[in-house]
Amino acid sequence: MPKISQRAKHMPASPVRKLVPFALQAKQKGTKVYHLNIGQPDIETPQTAIDAIKNIDLKVLEYALSEGNLEYRKALTTYYNTLGFEDITPDNFIVTNGGSEALNFAISTLCDDGDEVIIPEPYYANYNGFTSTFNVNVVAIPSSIDSGFALPPMEEFEKKITDKTKAIIICNPGNPTGYLYTKEELQQLADIALKHDIVVISDEVYREYVYDGKQQISMLAFPELSENCIIIDSESKRYSMCGVRIGCMITRSKKIHDAAMLFAQARLSPVLLGQIAAAAAHVNDDAYIRGVREEYTKRRNLLVDLLNKIPGVICPKPKGAFYCVAELPVDDTEEFAQWLLESYSNNGETIMVAPAGGFYSNPELGKKQVRIAYVLKSEDLKRSAEILRDALKVYNDR
């Protein structure tokens, strides 16, 4: 029998997908499952993107440029210029196969074996996978549900920075918490990055979806970080285009860009058809973005209000993205989540949630928490909250 690498053995399982076999079994028994576990929007993709794919007039589906085709990078440039970053040009982008590949490029460009990245937690679970792949260590700094998952004090960052520290990774607005960083918090991160000459990797894939009249502030807004900043972006959530696998890495640093391009060339090219669809989606998209933001605002308000009415449930109201983290009155949400799929139904229906332990470096910190994605229509979210209320009572009365 062939041996499996230590890298593969240490690769963490996805907390979002590890319960999928139990969901499939529930469905095979005839139970309807409401998927609150994964950020797959039910919002329709812009018709311009669909039409661009339908109307392709190419005789050869050839390799794209390793850095991404110029037409799409020009569309990205226009987008970022419109956001106020007028110095950004097509040369600042490396187009990637999803935001995931952009993160892989960033980490592999900055870090060697045994190096460290600091991440406020809870954090997007796949950061563990990306760092594990390159034998990079995550140094986590916990935030608290009591503060709505605000950025931990800078003193906590200072304590963790060593000569192995190469970057701080943030997600803004955050997955899984929906937290939106303030300008003051981001300035603190910029200051500490410059002080220690490390890089801020800012994952901004949910930029458009912020609520209550607030606005996302990009790390690009801090020009002093021109050599110390990488932005991760993606079309997946912006345009409900998860399947096209198009994202990008943006940096003003030519040194970082040129080094990352070596990895981009090694994987040949990003998806050609995805770039065509993504470029088309960016055309006259204001009405689309406004409509989706209004829909997510409605869903957020409905779900969070319903959750906080359930006895024992605590759920801060997220300021962005389309996730919330809720604390439940159970001892172990992983056991509870599996029980929901294996042993429970309410009139032939149940829910699937993502146990939050997988979003922490120490799973014990999230043992009573779940991440819920409000990517379902309002009536399904309302029904899901009803099921959760009943399920908690049944589970705790066993």
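This is a predicted model: local features need pLDDT of at least 70, side-chain atom pairs count only at pLDDT 80 or more; totals for chains, interfaces and linings use all residues.
Local features were taken at pLDDT of at least 70 and side-chain atom pairs at pLDDT 80 or more, whereas totals for chains, interfaces and linings use all residues. Residues are numbered from 1 along each chain as its sequence is written, and side-chain values use heavy atoms, with hydrogens and water left out.

A search of the whole structure gave 21 salt bridges, a salt bridge being a side-chain nitrogen of Lys or Arg within 4 Å of a carboxyl oxygen of Asp or Glu. One of these joins Asp 42 to Arg 299, with 2.9 Å between the closest N and O atoms. Asp 42 lies in the loop between strand 1 (32–35) and helix 3 (47–54) and Arg 299 in helix 11 (residues 286–308), so the pair ties together parts that are 257 residues apart in sequence. Helices (H or I, at least four residues) and strands (E, at least two) are DSSP runs, numbered from the N terminus. Asp 42 is partly exposed, at 39% relative accessibility, while Arg 299 is buried, at 3%. Buried denotes under 20% relative accessible area, exposed over 50%, and partly exposed in between (1.4 Å probe, protein chains only).

Arg 207 pairs with Asp 233, the closest N and O atoms being 3.2 Å apart. Arg 207 is in the loop between strand 6 (199–203) and strand 7 (229–234), and Asp 233 is in strand 7, 26 residues apart. Both Arg 207 and Asp 233 are buried. These two residues belong to a network of salt bridges that also links Glu 204, Glu 208, Glu 235 and Arg 238.

Within helix 9 (residues 254–266), Asp 258 and Lys 254 are four residues apart, about one turn of the helix. Their side chains form a salt bridge at 2.6 Å, N to O. Asp 258 is partly exposed, at 34% relative accessibility, and Lys 254 is exposed, at 58%.
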